[in-house]
Amino acid sequence: MALAWSSPVYLERKRLLDLLPEEPGFCVWLEAPAGFGKSVLAGQLAARLGLRALWASALLGEPRALLAEALGLPREAPWNAVVAALGEAPSLVVLEDLTGEEALSPLLRTLPCLLVLASRKPLPYPELPKLLAEGRLVHLQAPDLAFTEEEAEALFGGREGWREAHRATGGWALPLFLSAFTGRSPEPEALLQSLRESLSEEEFREGLLLAALPLLPSAHALPVTEGLFQKGLLQRVPAGYRLHPLLRGMALRTLGEEVREAVRGAEGRLPPELLAEALFGAGLEEELLELLERPIPLPIPAERLVAWEGVLRRGGPRARLRLGEVLLQVGRREGFALLEALAASPDPGVALTASGHLAYYLADPLLGQDLGAARAHLERGLALLDRVPPELAGRFLNDAARVPYEEGRLLEAEALLEEALRRLPLESPYRLAPLINLAFLRFEREGSLLGRIAALEEAVERLGPLGPANLAGHLRDLGRLYLLLGEREKARERLKRAQEAEGHPLAALEARMLLAHLEEDAEGLSRLVAQAELLENPYLVARGRALLAGLRRDPGLLQGLTGFLPALARALLLEDPALLPPYPEEREERLHWHAARYRLLQEEEDLEALLSLTDARERVLPGLVPLGLLPRKRPELARAYPLGEVLRSGWKEAVALRLAEIPPLQVEVLGRFRVRNPLGGVELKGKEQAVFALLLLGLPREEVAFALWPDLSEEAALNNLYVWLNRLRKALEPWGVPTYLGEEGLRRVDCDLRALEEALKQEDAERVYALYQEPLFPGLDHPLLDRKREEVFHQVRALLLKRGEARYLERLLELDPLDEEALLPLVEGCLARGQRARAQAHLERYRKRLWEELGEKPSPRVEALLRRLLG
C-alpha cells in the first residue's frame, strides 16, 4: 500500500529529512515511544522521494506476509520471493510497530529497497550493527525526533503558546501537534476538550468509537472516518483505520461514558464480532455478555476470546459455552469442567452443543484423549437430536464423528457425517466441515490422499466467517500432507500460514514444529518443545521431541517417551527394526511405518506397500524414502522426485526417463559470459569457452577444429576438439546423459544472442534496445568472434538509426560517442521539441570528444548547428 500519512497539516521537518538516505540499499531505524512522529516522518520521506512505497505494521501480521500481499504475491510467499519482487522497482518499505521478534534477516541482509524500521524499544537484529559500521544505517531516537523550539514555533504558525507547549511536552510530537491544532494546553483534559470544540459532533463521536477498537476495517469506515484521517487524527493502514494509542488511552481514561455511548450507537453498523471487540474495549461487559448469549456465530479467534475469560465466566450458558471451547482450543483442560456442567443443562440446544464440544475434544490426541468419556457424550447428544433445530443437530453430528473415528469405527463415523449432511440445510455454511471430514475418511478407508488434499485446499479458501477455529488445523494438515509428497515448498507455505493463523494455538504450535524441522532449525524446535512441555501437552511433546531427535541424531531425547512417533524415531536412529512400533491403524502412520522399515531392511514388500496405500502411488516416495535407497532396477520410481535431485544423483537410467523435463541451457553472451544448467552456474575454463562460443555460432565440428587449431593437421585438430568436447560435456551435463551437446552441435539452448538476432529479424527495435549490451562474448579473442561482433553491431545500429527515437539515438552515442549519424537526428529532434540547451550539450560533448580522441574538428554541418545555437 502506498504510504498515506503525509497529511498537509503536518509540519515538514527538513532537519530530519535531510539526515535520511534516499535510495535502496540503505536503512533508517526510528526508535522512540508512541507519539514521536515516526510514521509521519516516514510518510514525508515517501512524499519527497516518489518511490514505490509499501507499509506494514507488525501489529497486523508478519511483515513478510503483509509485504507479499502488497506486492501481489501469495501471503505465504517466502522472503526470497518478496526480496526479488522489491528489487524489481526502486522501493521504500516502512515496517512499523516492530518488537524484535520478527524474522527480518533476509531483508536486512539484502536491502533491495530503502528500508525504514520503526520501534518503541531497541531491536536485536544482528545485521543492524553491521549496517551502522558500513555507513548504511541512520538511527534516530527520541531526542532526535523531538521538536526543537524553532520547529515548535513553525508548527504553531506564529500563534502564541508555542514556547509553553514545547516546554510542557519536551518536544513530544503528538501532544505538541494537538496543542497547535486546538490552540489549547497540551494537558490530556485540555486537549480532549479542545478537540471537541475543533471537530463536528459526528467527527468527535467517530473518534470515540475508534477509541474502543484496535482497528476499524476499511469496509466499515464512513466518510467521516476519512475526514479524521485527513485532519491527522487517525492512521490509515492497509486493513483500515486506527486511533493513535496515546489518544485512545486519553479518551478511555477521561471520556469513558461517551466512548460507551458511541459504541452503543454503532450496533447495526458493525458486524457482531467487531461490535463485541468494541464492547469489550469500552468496558461494556453486560452488553458484551448479552451479545455472546445470542445463538449466532462469532468468528473471534480463540486467542482473543480467552483474554475475555473473566467476563465470560460471569455470563450465561452460551457465553460459558464459548469460553469452554476456546479454553480447550488453547490447550487449557479446565474447559472440560465448564462444558461438563453445561452438558446437563435443561436447554437442549446448550446441552447438545456442550456434549458435541466434549465428544470432540475428549477424543482429541492433542488434549490427552479419553475415548470412554467421549463416547458417553456422543450417546447423550444423540438422544437430544430431535429436540433441536436441524442445523444445530448437524453441527453436533459432525463434531461427534471424531469419536468413532478415533475408536477405529470408520463406518460409524462415516454414517454420522452423512447424517450431518442430511440434517444441515443446503444453504448452511457448516456443511463444509462434514464434507472435509468425509474426504478424510475416504483417505483412511480407500487411500484417497489427493482427494483429501483437494478438499482441504478448497476449505481454506471457503472458510469465511467460520474460519478462525479451523484454519490453522487445515493448513497444518496440508503442510504435513505435502511433506508426504516431498513438495517441500508447498509444505513450507502452508505451514507458515498455519503458524500465523489465529483460532487454534495448538495446531499453530504443531505447524511451527514441522516448519522448524523442515528448515533444520534445531534451536527453534527445542524452544517449541519447551513450550509444549509448559502446556503439559503429551502429544505435542512426543511429536516435537521425535522431530528434534531426528535433527540432532540423538536418541537420548526420546528417553521416557512412549507412542508411535518416538518409537519410530528411536528405531531409525538406532537402526534397529526390532524397535519399530506395532503396525498402526491410521493410514498416514502406516505410510511412515513402511517407509521406516524399508529404510532399515531394504525389503521391496515395504516399497510396494507404500505404492499401494494411496492414490498418489509413487508420489509419496520423495517425502518418505531417500532417492539413493530406491532399487536401481526401478528407475521409473524416481519420476516423482525433484528433477534437480535426480540430476545430482547421477542415476543415468532415471535421468533418461526425465530427459524431456530438463529445461534448456541458459546462456548469456551480451555484456557478460554466463552459462547455467538446472543445477546452477556452469564454469567453463580455458578452451572450453572458445569451443562453446564457436558451437553457439552454429559452426560444424570440423570448422571449429580448424578455427582453433589452424596449424595442425585435420586429424590432430579433431582429436584436440574431441578432448575439449568431452570436458565441455562434463561441465554442461554432469548427470552423464546427452542433453545439450550432440553430434550436430549445441541443442536445447536459450541464448540472449539468438533472442537478439530474432528481434533484429523482426525489426523489433524495443526488444533490440533492451537486449543489446557490449561486449559480445566478453573475454574471448578470435577473428570469427570479432566478425560476429562487427556484424551484430552494424545490424543493431542500422535498426536503431532507422527508428530514430531519441533514446535509441542516445544509446548509439553511448556505444560510439563519435557516431555523427546518430548525433545529428538526435540534436534536430531536441531542437524540434524546444530543448536548445540539451541539443547544445550533445554537440559540445561530441566536439570535445572528437578533438581529445582524434585531434579533429567537427564536420561543417555540426559546426553550423553549433553556430546557430550560440547565436
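1. A quick definition to start: angles under 35 degrees count as roughly parallel, over 145 as roughly antiparallel, 65 to 115 as roughly perpendicular and the rest as oblique. This is a predicted model, in which local features need pLDDT of at least 70, side-chain atom pairs count only at pLDDT 80 or more, and totals for chains, interfaces and linings use all residues. Residues are numbered from 1 along each chain as its sequence is written, and side-chain values use heavy atoms, with hydrogens and water left out.

2. Have a look at helices H27 (residues 432-446) and H35 (residues 587-601), whose axes come within 8 Å and cross at roughly 40°. H27 and H35 are therefore oblique to each other. In their contact (heavy atoms within 4.5 Å), H27 supplies Phe443, Glu444, Arg445 and Glu446, while H35 brings Arg587, Glu588 and Arg590.

3. H27 itself has 15 residues and reaches 21 Å from its first C-alpha to its last. Its buried residues (under 20% relative accessible area, 1.4 Å probe, protein chains only) include Phe443 and Glu444. Just after H27, Gly447 takes a positive phi of about 80°.

4. Elsewhere you will find an open sheet of 5 strands in the order E2-E3-E4-E1-E5, with parallel pairing; strands pair if DSSP finds at least two bridges between them. Strands E2 (52-57) and E5 (137-141) stand at the edges with a single partner strand each, so one side of each is left without a neighbour in the sheet.

5. E2 pairs with E3 (residues 91-98) in the parallel sense over 6 bridges. Val93 in E3 is the bridge partner of Leu54.

Note on methods
Axes fitted to C-alpha atoms, helices over the stretch in contact; angles between N-to-C directions. Helix = DSSP H or I, 4+ residues; strand = E, 2+ residues; numbered from the N terminus. Expected span 1.5 Å × (residues − 1). Buried < 20%, exposed > 50% of the residue type's maximum accessible area, 1.4 Å probe, protein only.
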